[in-house]
Amino acid sequence: MKMLGSSTRGLHPVQMRVLYRACILPIVTYGFRMWYFAATRCKGALHHLSTMQRNAALWITGVFCTLPTGGVEALAGLPPINLLLHRLSKQADYRFATLNLTHPVRAFLSRFNCSTIAPHPTLSIQTMSEPEIFRTSGTLFESDTNVLALTETLLSMNLLSRPGVRLMDRFADQVHFDDCKISCGNADKELKQRTKHLNKLCDKISENIRTYYAGTDTSLPLSGRYQAIAASILFSGGVKHWCVRHVAGKVTAPDAELYAIRSAIVNATSCNNCTDIFIFTDSMASACRAVDPSIHSGQGHSVAVCEALQTWFTRKDGQSITFVYVLSQLQWDLHYKAHDRTGPTPSYIF
């Protein structure tokens, strides 16, 4: 890897980071679930992996080798290896929830996760006694326990995610994305141009009463005792038709934004005179996930959006939806109204 570049020549640091994450990490973490689980002794393996990642971070940043490991990893944009493995193990655990109800692996799980399939006569957790379960540890036991903590329903065999039936397969020409990339060198000028474009677009679509446009935004708490808020405001012809504020629970910012987008789209498609929809959001990643019904966090919101849009598109020809990117720092009129609706987040109720 050192032949490809250094701090003075060769690859750019961004390219070095992509190369490390795409080529090196998948190799060193392959099969890690065989030795990384609760009650196992993996301190030595983690030390070797941490040393390997430190060398990679030094290569990416080109800093002095006397810097502490945590600082070098932060400069290189790499999460600590123990946190990375913890996140990957959680993803592996939750992948059990996406298995088909008749998947053979379910025969080895407990009665809470085996579904309708018959347990394995000798290797299933169900056939083990309590002392055996207490003495045994491993990946299968940990995954069987952790998947019970998953509160979200993941639809592995969803009909709307089949090739040829997906929203973007049938109506790709009716779903548009008005994105904007701001460069560091000319940021002020591009921000002014973007504001001008948004004002002109809003004035144009507000003239047609059949065009519904909505601003969506979310608010995440700084403390763990508060919940995320998703808000959306729906307009048509300059008149406010709908204003809602949802408690999204303890979720990430993309999931909360996805909830707000779902609320706006479902309410807009329920209007009989709606021919075009514009969604103003500050997260284009959530907008892209909204029309993707495959397995991901917040899949239920995406399925509801795809179902509503497919019904709406088949109702009449020529209808379209456009997702417009609004930078939060602009504090632009329509999007900022949705931002004001997020307000303070409520506490959890125990």
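Modeller: Let's start with a charged pair. This is a predicted model, and in it Arg194 and Asp178 are both buried.

Colleague: What do the side chains of Arg194 and Asp178 do?

Modeller: They meet in a salt bridge, at 3.3 Å from N to O. The pair ties together distant parts of the chain: Arg194 sits in helix α8 (residues 187-205), Asp178 sits in strand β1 (residues 175-178), and 16 residues separate them.

Colleague: How many salt bridges does the count come to?

Modeller: The count comes to seven salt bridges. One of them joins the side chains of Arg166 and Asp169, at 2.8 Å from N to O.

Colleague: Are Arg166 and Asp169 buried, partly exposed or exposed?

Modeller: Here you need the cut-offs: buried is under 20% relative accessible area, exposed is over 50%, and partly exposed is in between. Arg166 has 32%, so it is partly exposed. Asp169 is partly exposed too, because its relative accessible area is 40%.

Colleague: And how does a salt bridge look inside one helix?

Modeller: Take Asp333 and Lys337, whose side chains meet at 3.9 Å, N to O. They are four residues apart in helix α12 (residues 333-342), so about one helical turn separates them. Asp333 is partly exposed at 46% relative accessible area, and Lys337 is partly exposed at 35%.

Colleague: Which residues are linked in a network of salt bridges?

Modeller: Arg33, Asp93 and Glu142 form a network of that kind.

Colleague: Let's move to the loops. What is there to notice about phi of Gln331?

Modeller: The general idea comes first: most residues other than glycine have a negative phi. Phi of Gln331 is near 50°, a positive value in a residue that isn't glycine. You'll find Gln331 in the loop between β6 and α12. Gln331 counts as exposed, because its relative accessibility is 51% and the cut-off is over 50%.

Colleague: How many residues apart in sequence are Ala76 and Met157, and what is the spacing in space?

Modeller: They are 81 residues apart in sequence, and 39 Å apart in space from C-alpha to C-alpha.

Colleague: Now for empty space. How do you find a pocket?

Modeller: Rolling a probe the size of a water molecule over the atoms shows where empty space is left. In this model, the largest pocket has a volume of about 840 Å³. It is lined by 24 residues, and the closest to its centre are Tyr94, Leu150, Glu152, Asp255 and Ser297.

Colleague: Which helices supply at least two residues of that lining?

Modeller: α4 (81-94), α9 (253-269) and α11 (299-315) each do. The largest share is five residues, and they come from α4. By type, the lining divides into eight nonpolar, ten polar and six charged residues.

Colleague: Let's zoom out. How is the chain divided into domains?

Modeller: There are domain 1 (13-87), domain 2 (99-149) and domain 3 (159-346). The C-alpha centres of domain 1 and domain 3 lie 36 Å apart.

Colleague: And what is the overall picture of the protein chain?

Modeller: The secondary structure comes to twelve helices and six strands. Along the principal axes, the C-alpha atoms fill a box of roughly 70 × 60 × 45 Å. The chain has 350 residues, and buried residues make up 41% of them. Among contacts between residues at least 6 apart in sequence, 65% join residues at least 24 apart.

Notes. Residues are numbered from 1 along each chain as its sequence is written. This is a predicted model: local features need pLDDT of at least 70, side-chain atom pairs count only at pLDDT 80 or more; totals for chains, interfaces and linings use all residues. Side-chain values use heavy atoms; hydrogens and water are left out. Domain bounds come from an automatic or database domain assignment. On a 1 Å grid over the protein atoms alone, a cavity is a set of points where a 1.4 Å probe fits but cannot get out, and a pocket is an open set with protein on both sides within 12 Å along at least five of seven lines; lining residues have an atom within 4 Å of a point. Grid points are joined across faces, edges and corners, and a volume is the space filled by probe spheres set on the points. Ala, Val, Leu, Ile, Met, Phe, Trp, Tyr, Cys and Pro count as nonpolar, Asp, Glu, Lys and Arg as charged, and the others, Gly among them, as polar. A salt bridge is a side-chain nitrogen of Lys or Arg within 4 Å of a carboxyl oxygen of Asp or Glu. Buried means under 20% relative accessible area, exposed over 50%, partly exposed in between (1.4 Å probe, protein chains only). Contact means heavy atoms within 4.5 Å.
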